[in-house]
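I opened the file to look up a few local features. My entries follow in the order I made them.

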Amino acid sequence: MGKIINILNPLPGLQLLFRNRALLKQLVRRNVISKYQGSILGILWNIIHPLMMLCIYTFVFSVVFQSRWGTGVGPSKGSFAIILFCGMTVYSIFADAVNMSAIQITLNPNYVKKVVFPLPLLPFAQVLSSFVQGAVWLALLLAGAVFIYGNISWTMLYLPVVLFPFFLFTLGISYFVASLTVYLRDTPYILGVVLQVLFFVTPIFYPVEAVPERFRVYLQINPLTTIIEETRKVLLYAQTPDWNFFAISLAVGVVVFLLGFAWFNKTQKGFADVL
């Protein structure tokens, strides 16, 4: 039991991250800049891409399929678009963080062979980078919410609280896939399939209530479901978070982070041999 507790103890790793916070800041900056380096529009793609996808999905579901979200959120296509965009924002942050974290170690073999380099910084920096870029999506979401609904609710202040368990969960998954890719190079391809499936089984462009009741339990198992629903509550519906769901999400986030971080620290000793 003591050995298990020692393995799951994140304190040494967190101290390592804190001691190298200046390097972490440089890595985050590098990740954000290098993603669009060489392109004409540069970081503007971080705004253009979500807006293009938003327009396409809004046209397909609200114009072609004549979809409506439900009662209480407004019948207009604008309401449908902003609710859809909220789900897309959360999903995109998660997908980008996990996808890019999966290849962080294999893309930087020189860092692996440097004994003094703190490898846990690589996935952590990538997740932070994804959340920094996701902040642009959130800014667009806030602007759209104010434009569509015409007011700003104080419940928006709960957004960091709602997203904190999501950050821990994403970080834990990212540590796990970053390590797994070193030993199983098929991992990024498997992730591509899994994330595509996850996109359609997450209530991004449909409400949970639209799913037959016997299938809803499968949506509730999906951690992104709770995060998206709670984000919509505080940003769009002017509601406070469901604290029971928050407690569950926080517990899941902490457990996933501890397991992912422990897995990464346990397996990183063999990275140099494989690479």
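Predicted model: local features only at pLDDT ≥ 70, side-chain atom pairs only at ≥ 80, totals over all residues.

Entry: salt bridges. I searched the whole structure and got two salt bridges. In one of them, arginine 232 pairs with glutamate 229, and the closest N and O atoms are 3.3 Å apart. Both arginine 232 and glutamate 229 sit in helix H12, three residues apart, about one turn of the helix. I then checked accessibility. Glutamate 229 has a relative accessible area of 23%, so I put it down as partly exposed. Arginine 232 comes out at 1%, so I put it down as buried.

I also looked up lysine 233 and glutamate 230, whose side chains form a salt bridge at 3.4 Å, N to O. Lysine 233 and glutamate 230 are about one helical turn apart, because they are three residues apart in helix H12. I have both lysine 233 and glutamate 230 as buried.

Entry: glycine 87. I placed glycine 87 in helix H5. Its relative accessible area is 0%, so glycine 87 is buried. Which residues does glycine 87 touch, not counting those up to four places away in sequence? I found Ile204, Ile228 and Arg232. I also took the C-alpha separation between glycine 87 and phenylalanine 205: 7.3 Å, for residues 118 apart along the chain.

Entry: nonpolar core. I listed the largest nonpolar core and got 70 residues. Those with the most contacts inside the core are Tyr91, Phe94, Ile105, Phe166, Tyr175 and Ile204. Next I asked which helices supply at least two residues each. I wrote down H3 (21–35), H5 (77–101), H8 (121–149), H9 (159–183), H10, H12 and H13. Helix H5 gives the most to this core, with 15 residues. I then followed tyrosine 91: leaving out residues up to four places away in sequence, tyrosine 91 touches Leu195, Gln196, Leu198, Phe199, Ile204 and Leu224.

Entry: helix H10. Helix H10 covers residues 187–200, 14 residues in total. From first C-alpha to last, H10 reaches 20 Å, close to the 20 Å expected at 1.5 Å a residue. I found Thr187, Leu191, Leu195, Leu198 and Phe199 of H10 buried. Why do I say that the buried residues of H10 line one face? Seen down the helix axis, they fall within an arc of 105°, so they line one face of H10. Tyr189 and Val193, on the other side of H10, are exposed.

Entry: serine 130. I located serine 130 in helix H8. At 3% relative accessibility, serine 130 is buried. Leaving out residues up to four places away in sequence, I list Ile93, Asp96 and Ala97 as touching serine 130.

Entry: alanine 238. I looked up its backbone angle and found a positive phi of about 55°, although alanine 238 is not a glycine. I noted this because most residues other than glycine have a negative phi. Alanine 238 falls in the loop between helix H12 (223–235) and helix H13 (243–267). Is alanine 238 buried, exposed or partly exposed? At 46% relative accessibility, I count alanine 238 as partly exposed.

Notes
Residues numbered from 1 in each chain as written. Heavy atoms only, no water. Helix = DSSP H or I, 4+ residues; strand = E, 2+ residues; numbered from the N terminus. Buried < 20%, exposed > 50% of the residue type's maximum accessible area, 1.4 Å probe, protein only. Expected span 1.5 Å × (residues − 1). Arc of directions from axis to C-beta. Core = buried A, V, L, I, M, F, W, Y, C linked by side-chain atoms within 4.5 Å. Contact = heavy atoms within 4.5 Å. Salt bridge = Lys/Arg side-chain N within 4 Å of Asp/Glu carboxyl O.
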